[in-house]
Amino acid sequence: MKVIIAKSYEEMSRLAAEEIAKVVNEKPNAVIGLATGGTPVGMYKELIDMYKEKKVDFSQVTSVNLDEYVGLSGDHNQSYRYFMNSNFFDHVNIRKDHTFVPNGLAKDINAEGAEYDKKIEALGGIDVQLVGIGSNGHIGFNEPGEELDLGTHLTNLTESTIEANARFFASKDEVPTQAVTMGLGGIMKAKKILLIANGAEKAEAINKVINGKITTQIPASMVQMHRDVVVVIDEAAASKLENLK
Ligand code: PGA
């Protein structure tokens, strides 16, 4: 695991964008696994700037996203499809028909999730998977619990995730209670994992991921078993690190 501590959110965003751009520059038809949330917004801005400066080209890239809320259509301004279009896809030259986000309106979420995983396999797998982390240690929407799922699946959101995400909605009642998320298997099969985090509220989870035991109670701790993980965090998120691996 390579851990990079950035001085600021801006630097974290730039360094993360450079990691993605490096993969795409080495493999122009790369499959990039993307994530939503507050954390990656700055990274997408950096990637858009790099695209405008002709430092990276997305014309042959395919993207697959980690997760989506159940019950929100892609037009809903809090859906993750909408987030991806407005924060990234609409501003670069990626082909929209090469961008995939799990379908939160599917009648049978688990069946469509299995199709999603098959599509990723058919694409040749994910070259780099971007992930954030919840302050409860979740990765994608794989929430802490007794068990973790391998494939893309339907999941119930925990109270702490609903509370954390309420800031994006008019009220907490509007936050969906379920989501479809790539499982730990899908994430771990990616050739490279790029984990980003900023802010003191992530510091404890980050320390557990880097220094703690592997446990389903901190789903992100599973990445310790991956061969190629780059963690880019700001100083606040690094503030509780007991050791650097
Ligand atoms: P955030 O979410 O970027 O909005 O903090 C990250 C996550 O929950 O994985």
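Asn136 is buried in this predicted model, with a relative accessible area of 17%, where buried denotes under 20% relative accessible area, exposed over 50% and partly exposed in between (1.4 Å probe, protein chains only). The residue is found in the loop between strand S6 (128-131) and strand S7 (153-156), with helices (H or I, at least four residues) and strands (E, at least two) taken as DSSP runs numbered from the N terminus. Leaving aside neighbours within four places in sequence, Asn136 is in contact (heavy atoms within 4.5 Å) with Glu143, Pro144, Thr158, Ser160, Thr161, Gln217 and Ile218. The side chain of Asn136 also reaches the backbone nitrogen of His138 at 3.0 Å. Residues are numbered from 1 along each chain as its sequence is written. Because the model is predicted, local features need pLDDT of at least 70 and side-chain atom pairs count only at pLDDT 80 or more, while totals for chains, interfaces and linings use all residues; side-chain values use heavy atoms, with hydrogens and water left out.

Glu143 lies in the loop between S6 and S7 as well, and is buried with a relative accessible area of 8%. Not counting residues up to four places away in sequence, the residues that Glu143 touches include Asn136, His138, Leu148, Asn156 and Thr216. A polar contact of 2.9 Å joins the side chains of Glu143 and His138, a polar contact being a pair of N or O atoms within 3.5 Å; within protein, one must be able to donate a hydrogen and the other to accept it, and residues adjacent in sequence count only if both atoms are side-chain atoms.

In an unreviewed entry, UniProt lists Asp67, Asn136, His138 and Glu143 under "active site", and such annotations may be inferred rather than shown by experiment.

His138 is also among the residues surrounding the ligand, together with Gly37, Gly38, Thr39, Gly132, Ile133, Gly134, Arg167 and Lys202, a residue being counted if one of its heavy atoms lies within 4 Å. A backbone N or O atom of Gly38 lies 2.8 Å from an oxygen atom of the ligand, and a polar side-chain atom of Arg167 lies 3.0 Å from an oxygen atom of the ligand. For Lys202, an N or O atom in the side chain is 2.6 Å from a ligand oxygen atom. The protein covers 85% of the 280 Å² of accessible area that the ligand has on its own, as computed by the Shrake-Rupley method with a 1.4 Å probe.
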